[in-house]
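This note is written for a student who is reading the structure for the first time. Please keep the sequence and the model in view while working through the numbered points.

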Amino acid sequence: MLLLGHIGVSLVAAQVLDRAVLARHRGLDYRLLMVGSLLPDMVDKPIGIYLLPQVFHGGRLMGHTLLFALILLGIGAWRYRRGRVGLFSLGLGSLFHLAEDEMWNQPAVLWWPLLGWGLAGTWSGESFLRQMLRALLAPQVFAAEAVGGLVLAYFLWRGARGRQRRVTAVREK
């Protein structure tokens with residue numbers, strides 16, 4: 001998945017979780033959840049593709065490990081109990097990212113360091129931009145991006161509409 005797919009699928013999954021489990025508590029910070037849904041790529045791609053490509057040979061490194069997501073979620077859960085939802089939302093988005101990338105197909109990365117210290121990545125040698133454009137042409141990726149874009153547009157529209165209602169209510173008082 002690419003940018004919109006990660007954000008859209010994570011927003012839908014979080015909305016379901018929020019309503020089913022967390023609604024009685026504090027809810028989630030959807031802005032940080034969206035950042036979290038992109039966080040593994042924001043951490044790993046610059047390192048594995050641009051800074052140290054000869055060392056890592058790919059763009060799925062420590063940010064794509066279960067350990068990374070569980071550390072964020074663990075600290076986030078501790079802070080969530082004290083009224084802070086931000087880090088929990090970030091960790092949840094990161095966990096959703098791993099599921100959306102189907103990281104179970106790369107167990108050496110997902111379970112790092114339990115299966116060894118090496119992060120076995122593969123990279124075809126073609127440019128990152130070319131790989132992303134080729135991925136976008138795959139029907140399942142294109143569909144995920146389209147649906148993700150629609151979900152994001154809906155969340156932004158709903159947020160703007162709610163903000164407009166609050167401003168109108170304040171002006172009427």
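1. How many helices and how many strands are there in the protein chain? The chain has 8 helices and 0 strands, where helices (H or I, at least four residues) and strands (E, at least two) are DSSP runs numbered from the N terminus. Read from the N terminus, the order of elements is therefore α-α-α-α-α-α-α-α.

2. On the source of the values: this is a predicted model, in which local features need pLDDT of at least 70 and side-chain atom pairs count only at pLDDT 80 or more, while totals for chains, interfaces and linings use all residues. Residues are numbered from 1 along each chain as its sequence is written, and side-chain values use heavy atoms, with hydrogens and water left out.

3. On the chain as a whole: of its 173 residues, 39% count as buried. Buried means under 20% relative accessible area, exposed means over 50%, and partly exposed lies in between (1.4 Å probe, protein chains only). The protein chain exposes about 10,500 Å², and carbon and sulfur atoms supply 67% of that area. Accessible areas come from the Shrake-Rupley method with a 1.4 Å probe, and for residues only the protein chains shown count as cover. Among contacts (heavy atoms within 4.5 Å) with a separation of 6 or more, 65% are between residues 24 or more positions apart.

4. On the surface: L67, I71, I75 and W78 form a nonpolar patch with about 380 Å² of accessible area together. Patches are made of residues with over 30% relative accessible area and no salt bridge; like charges are joined within 9 Å, and nonpolar side chains (Val, Leu, Ile, Met, Phe, Trp, Tyr) within 5 Å. I71 counts as partly exposed because its relative accessibility is 45%.

5. On charged pairs: side chains of opposite charge can pair when their charged atoms come close. A salt bridge is a side-chain nitrogen of Lys or Arg within 4 Å of a carboxyl oxygen of Asp or Glu, and by this rule the count comes to 2. In one of them, R31 meets D29 at 3.1 Å, N to O. R31 is exposed, with a relative accessible area of 61%, whereas D29 is buried at 15%.

6. The salt bridge between K45 and D41 has its closest N and O atoms 3.5 Å apart. Why are K45 and D41 separated by about one helical turn? They are 4 residues apart in helix α2 (residues 30-51), which means a separation of about one turn. As a general point, an α-helix has 3.6 residues a turn, so residues three or four places apart point the same way. K45 is buried at 16% relative accessibility, and D41 is buried at 17%.

7. Helix α5 (residues 86-100) has 15 residues and reaches 21 Å from its first C-alpha to its last, close to the 21 Å expected at 1.5 Å a residue. The expected span is 1.5 Å times one less than the number of residues. Is α5 mostly covered or mostly exposed, and how many of its residues are buried? Helix α5 is mostly covered, with 12 of its 15 residues buried; among them are F88, L90, L92, F96 and L98.

8. On aromatic rings: the whole structure holds 4 aromatic pairs. Y80 and F88 form a tilted pair, 5.0 Å centre to centre with 40° between the planes, and both residues are buried. The pair of Y154 and F155 is edge-to-face, because the planes lie at 90°, with the ring centres 6.1 Å apart. Rings of Phe, Tyr and Trp (its six-membered ring) pair if their centres lie within 6.5 Å; planes under 30 degrees apart count as stacked, over 60 as edge-to-face and the rest as tilted. Y154 is partly exposed at 42%, while F155 is buried at 16%. Ring pairs also link Y30, Y154, F155 and W157 into a cluster.

9. On backbone geometry: most residues other than glycine have a negative phi, and most peptide bonds are trans. E102, in the loop between α5 and α6, has a positive phi near 50°. E102 is partly exposed, with a relative accessible area of 42%. A cis peptide bond joins W112 and P113, with omega about 0°. P113 is found in the loop between α6 (107-110) and α7 (128-136).
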